[in-house]
Structure formats: C-alpha cells, structure tokens
Amino acid sequence: MAFSLQHRQLFHSPTRFSSQPKSITNHSLISLKIPTRLSNHPLAFAQNAAISQIDSEKAALLPPPLRKELMPNHVAVIMDGNRRWAKMKGLPIALGYEAGVRALRNLVQLCCDWGISVLTVFAFSSDNWFRPKMEVDFLMGLFERGLKNELEDFGRAGIRMSIIGDSSKLPKSLQDLIDKAVKTTKENSRLHLVVAVNYSGQYDVVQAFQNIAQKVKDGVIEPKDVDSFLVEQELQTSCTDFPCPDLLIRTSGEQRLSNFLLWQLAYTELFFSHSHWPDFGETEFLEALCSFQQRQRRYGAQSS
C-alpha cells in the first residue's frame, strides 16, 4: 500500500516500532518482584495468599503524605495528549503513542505497589475510528503487540485484565488475543486492569437499558424492580468489584469526560493534569492522589 507523503512524515521513525520504545525493549511491562501465580496449580491458593501478603506490605510503604485508609479503590484515566506530546517534540505521532505505552506501564506498576484494586484506562474511543486509517491501524497493531508481549508477565504479576467496549469491530487476531488474556488472567487479584477499547459511555448506558427492557418483556423482572443497582449490574463495568471509580484523572489539560463511563462517574472525584500523557509519572500520580485524599466525599449529604 502506498502512503501519502504526509502520512510517511507523521509515522516515519528511524527506529523499528514495537510495543515498547527501543531503549526498554528488553524490559517487561511490569517490574516483577513476586512469585509466579499459577491459578490451576494445587498450591495456587497458598501462593495467592502469599502474593496478597506481599501486596499488603508494599501498600503499607506508601510515599508521604499518602494515607492507606484514604487510598481510592478504583482509579480511571483518560490518557490524553500522546499526539500533542509528539508534535511538541518534533517527533512522529507513532512515537507519542509508544511513549504513552511507557507511561501506562509505569502507572500499572504504581497501582500494584500502592494497593489500588482497579485501574480503568480509556485506550480507544468509539469516536476514534474517524481518525486516519493508517493511525488507527497502527494503534490496533500497537495494542496487539503490547498485549502479546506482556500477557505472561500479567500472570506473574497477579494482574487480571478485562476489556469493556465493542470488541467485535477489532481485528480478529486482536479479538482472539483479548479472549485469551481475559481467560488466562481471570483468577488474578493483585490489580484489575480494565481497558476500554471501542468504548462509548452513552452506548454502555443504552445497552444496559436494552437488556433490562428485554428482561421486563420476558417477565424476568417487573418495571418496579428497575433501580440504580440493577442498572449497574448491566453496565460493562460490572466485571469488577468496584464498578464506579473513586478518582478520574484526565491528562493534557482538557476538562471534559469525552463519553467515558458517564453513569459510573456520577460521584467520582475529578483531577485534571496539565501534563501530556507520556509525561504523566509518579510525581503527577502522587499529586492526583494527594488531591483526592484532601477532599471530603459527601455523596449529596452535608459536610461534617
């Protein structure tokens, strides 16, 4: 396929693209410092308990001034600014996305170390299909290569992976790899990584009510049975024990939700970082968590 000169300039790089930047190609997505988790092994339960003990000890070593009892269970992130980061540095857009992979790797490690239970990241919106085909194809390939390279490490690190969104529109090879990742990590419990791919918050709510309407039509439930708890069970985030994020972080200075987890964010604390996503690291995450811990969550009630 012949690409236009403009696309060649956008995606040309002197280095070979991979799921990881060249300088860290030989490193794993997760810095593994724990024993292998073998969910089907006879000693799995004992080993899982040992991993949980390690997790508890590491979570107790939070950087000041974080307090363990005030840590969020569920953090959601809109990873914005990869392209702007690349343009600001005069780099191909593709390198911006690969730098974003590095930032995600770092955040996953921090969530594991600091005892956060669920991390949900907005990887690809249903609206992103309108971007240039070459860019979309690159993103699909980057996701597939990254997941293929890191799947075994997810198992060793005790990370469970789930996908929300309409995966039926993804390349077949990526669909198969996602199915494998979800199945092979389902027993892991150190961190639940939820990746939103081809996701729309509006459609998530629509499909939930479609399912509920069908159950009413079939006589499974009565209209009076429909409440917020039932709706949450039908949302795609029902895959996790903490479906509603405690904290949402959006990078790159934008201050909007962009059709992400619209129902689930009803009482979520919001933090907007001016850093582009590739520059979002431990310092920026610590700032977001400190801001979260200083807030009083009232859920509509009066302040104490």
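Val121 has Val195 in E4 as its bridge partner, and the two strands concerned, E2 and E4 (residues 191-199), run parallel and are joined by seven bridges; strands count as paired if DSSP finds at least two bridges between them. The model is a predicted one, in which local features need pLDDT of at least 70 and side-chain atom pairs count only at pLDDT 80 or more, while totals for chains, interfaces and linings use all residues. Residues are numbered from 1 along each chain as its sequence is written, and side-chain values use heavy atoms, with hydrogens and water left out. The protein has nine helices and six strands, where helices (H or I, at least four residues) and strands (E, at least two) are DSSP runs numbered from the N terminus.

**Overall figures**

- Of the 304 residues in the protein, 49% are buried, where buried means under 20% relative accessible area, exposed means over 50%, and partly exposed lies in between, with a 1.4 Å probe and protein chains only.
- Among contacts between residues at least 6 apart in sequence, 76% join residues at least 24 apart, a contact being defined by heavy atoms within 4.5 Å.

**The sheet**

- Six strands form an open sheet in the order E3-E4-E2-E1-E5-E6, with parallel pairing, and its edge strands, each pairing on one side only, are E3 (159-164) and E6 (269-272).
- Neighbouring strands of this sheet are turned against each other by 20° on average, direction ignored; for such values, axes are lines fitted to C-alpha atoms, for helices over the stretch in contact, and angles run from 0 to 180 degrees between N-to-C directions.
- Strand E2 (residues 118-125) is mostly covered, with seven of its eight residues buried, and E2 pairs with E1 in the parallel sense over five bridges.
- Strand E1 (residues 74-78) is also joined to strand E5 (residues 247-250) by four bridges, again in a parallel arrangement.
- The covered face of E6 holds Glu269 and Phe271, whereas its uncovered face holds Leu270 and Phe272.

**Helix H9 on the sheet**

- Helix H9 (residues 282-293) packs on the sheet, where it touches E1, E5 and E6, and its direction makes about 140° with that of E5.
- At 1.5 Å a residue, the twelve residues of H9 should span 16 Å, which agrees with the 16 Å between its end C-alpha atoms; the expected span is 1.5 Å times one less than the number of residues.

**Helices H5 and H6**

- H5 (residues 133-157) and H6 (residues 172-184) pack at an angle of about 35°, with their axes 10 Å apart.
- The crossing of H5 and H6 is left-handed, a term that applies if the near helix is turned anticlockwise from the far one by less than a right angle, with right-handed used if the turn is clockwise.
- On the H5 side the contact includes Met140, Phe143 and Leu147, and on the H6 side it includes Leu174, Leu177 and Ile178.
- The residues of this contact divide into eight nonpolar, two polar and three charged; Ala, Val, Leu, Ile, Met, Phe, Trp, Tyr, Cys and Pro count as nonpolar, Asp, Glu, Lys and Arg as charged, and the others, Gly among them, as polar.
- Glu152, also found in H5, counts as exposed because its relative accessibility is 57%, and its C-alpha atom is separated by 9.3 Å from that of Thr185, 33 residues apart along the chain.

**Backbone features in loops**

- The peptide bond from Pro64 to Pro65 is cis, with omega near 10°, and Pro65 is found in the loop between helix H2 (44-59) and E1.
- Ser258, in the loop between E5 and E6, has a positive phi near 55° although it is a residue other than glycine, and at 30% relative accessibility Ser258 counts as partly exposed.
- Leu261, found in the loop between E5 and E6, is not a glycine either and has a positive phi of about 50°, but at 0% relative accessibility Leu261 counts as buried.
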